[in-house]
Amino acid sequence: MYTAGGMQVTIAALSDYSQKALTWIIDNDVLQLKAKRNSALVRVLQADGVDSREQMARLINTLSSFTKGRQYFTAHLRLFLTCVVPVLRGRRLPTSTQEQLIATLQKTSVRQSCQKELLQCGMLEWVVNFLEGRTTPYATEYACSLAINLSLNPASHSTQLRFADSLAAAACNVLSRDTHGSACSIYNSLVLVWLSCGRVRLRARETRLLDALRTRNLKKICPLCDLHIPYLLAVIAGEILSNSRCCIADTVLLRCNDNVRCTW
């Protein structure tokens with residue numbers, strides 16, 4: 001049922017139909033969020049069924065791509081996060097399921113109420129640790145966007161100071177990727193946001209973040225990096241005051257645009 005529900009919403013060629021399907025799912029509370037602990041969301045995500053969990057993850061990722069969907073989840077925010085976050089953090093999930101859940105949290109994290117709850121859950125520390133490891137391009141993009149959203153919240157500043165070296169290590173790992181393209185705007189925006197933390201900026205040489213940026217700058221194969229990296233180097237050098245609220249080119253909210261769809 002959840003596979004069919006998600007597919008109804010993601011028929012991009014029929015936007016009116018998609019909106020009707022979305023409205024029907026929310027109005028009829030298909031996920032049974034009003035039932036709280038007995039909700040379908042909780043029962044499916046926390047069960048042992050790999051396929052059903054995968055389809056539920058895809059469905060909530062799809063719903064969170066729409067404003068109405070995000071409003072639906074934030075109306076039941078505590079239940080939603082206490083279900084999704086432990087599953088993401090505590091289980092060995094198939095890569096595709098993990099990707100869908102990270103994307104879901106990124107899209108809902110544009111709201112400050114959600115950011116605060118995620119910060120209290122320790123999700124900034126988790127996503128930083130996640131970015132230090134080997135990740136797929138899809139997961140990396142959404143994890144970086146999630147990290148940006150959380151890092152822009154003032155409540156995260158003390159965490160950034162405590163984990164400054166980990167932020168730099170995660171940034172270095174992301175920058176070490178050989179892939180270039182539109183995602184570079186997100187990667188470089190993440191570095192700029194974290195450079196607003198004085199400890200990250202001052203320790204850029206010791207943490208090798210400066211070296212990572214210089215190496216990427218020397219490649220000269222990506223127009224976005226050719227534009228962004230000199231600016232980031234100037235921020236580290238103190239020639240430009242970093243402003244964590246000014247991303248370099250694209251705002252990360254593009255990752256949460258109502259036109260975003262997950263792949264079925």
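Analyst: A crossing is left-handed if the near helix is turned anticlockwise from the far one by less than a right angle, and right-handed if clockwise. The model discussed here is predicted.

User: How many helices and strands are there in the protein?

Analyst: Buried residues make up 53% of the 264 residues in the protein. Of the contacts with a separation of 6 or more, 75% join residues 24 or more positions apart. The count of secondary structure elements is 16 helices and 0 strands.

User: Are H12 and H13 roughly parallel or roughly antiparallel, and what is the handedness of their crossing?

Analyst: The axes of helix H12 (residues 164-175) and helix H13 (residues 183-195) come within 10 Å and cross at roughly 160 degrees. Angles over 145 degrees count as roughly antiparallel, so H12 is roughly antiparallel to H13. Their crossing is left-handed.

User: Which residues of H13 are met by H12, and how do the residues of this contact divide by class?

Analyst: On the H12 side, the contact involves Leu-167, Ala-170, Ala-171, Val-174 and Leu-175. These meet Tyr-187, Asn-188, Val-191 and Trp-194 in H13. The residues of the contact divide into 8 nonpolar, 1 polar and no charged.

User: How many of the residues of H13 are buried?

Analyst: H13 reaches 19 Å from its first C-alpha to its last, close to the 18 Å expected at 1.5 Å a residue. Buried means under 20% relative accessible area. H13 is mostly covered, and its buried residues number 13 of 13.

User: How are H12 and H15 oriented to each other, parallel or antiparallel?

Analyst: The axes of H12 and H15 come within 9 Å and cross at roughly 15 degrees, in a left-handed crossing. Angles under 35 degrees count as roughly parallel. H12 and H15 are therefore roughly parallel.

User: Which residues form the contact of H12 with H15, and how many of them are charged?

Analyst: From H12 come Ala-168, Ala-171, Cys-172 and Leu-175, and from H15 Leu-209, Ala-212, Leu-213 and Arg-216. By class, there are 7 nonpolar residues and no polar ones. Arg counts as charged, and the number of charged residues is 1.

User: What is the class composition of the contact of H7 with H10?

Analyst: The axes of helix H7 (residues 95-108) and H10 come within 9 Å and cross at roughly 30 degrees, so H7 and H10 are roughly parallel. Contacting residues include Glu-99, Gln-100 and Lys-107 of H7, and Tyr-138, Ser-145 and Asn-149 of H10. The composition is 8 nonpolar, 4 polar and 2 charged residues.

User: Is Asp-29 buried or exposed?

Analyst: Asp-29 is found in the loop between helix H2 (15-27) and helix H3 (40-45). Although not a glycine, Asp-29 has a positive phi of about 45 degrees. Because its relative accessibility is 12%, Asp-29 counts as buried.

User: Is Arg-208 buried or exposed?

Analyst: Arg-208 lies in the loop between helix H14 (198-202) and helix H15 (209-219). Its phi is near 70 degrees, a positive value in a residue other than glycine. With 54% relative accessibility, Arg-208 counts as exposed.

Key:
Residues numbered from 1 in each chain as written. Predicted model: local features only at pLDDT ≥ 70, side-chain atom pairs only at ≥ 80, totals over all residues. Heavy atoms only, no water. Helix = DSSP H or I, 4+ residues; strand = E, 2+ residues; numbered from the N terminus. Buried < 20%, exposed > 50% of the residue type's maximum accessible area, 1.4 Å probe, protein only. Axes fitted to C-alpha atoms, helices over the stretch in contact; angles between N-to-C directions. Parallel < 35°, antiparallel > 145°, perpendicular 65-115°, else oblique. Contact = heavy atoms within 4.5 Å. Expected span 1.5 Å × (residues − 1).
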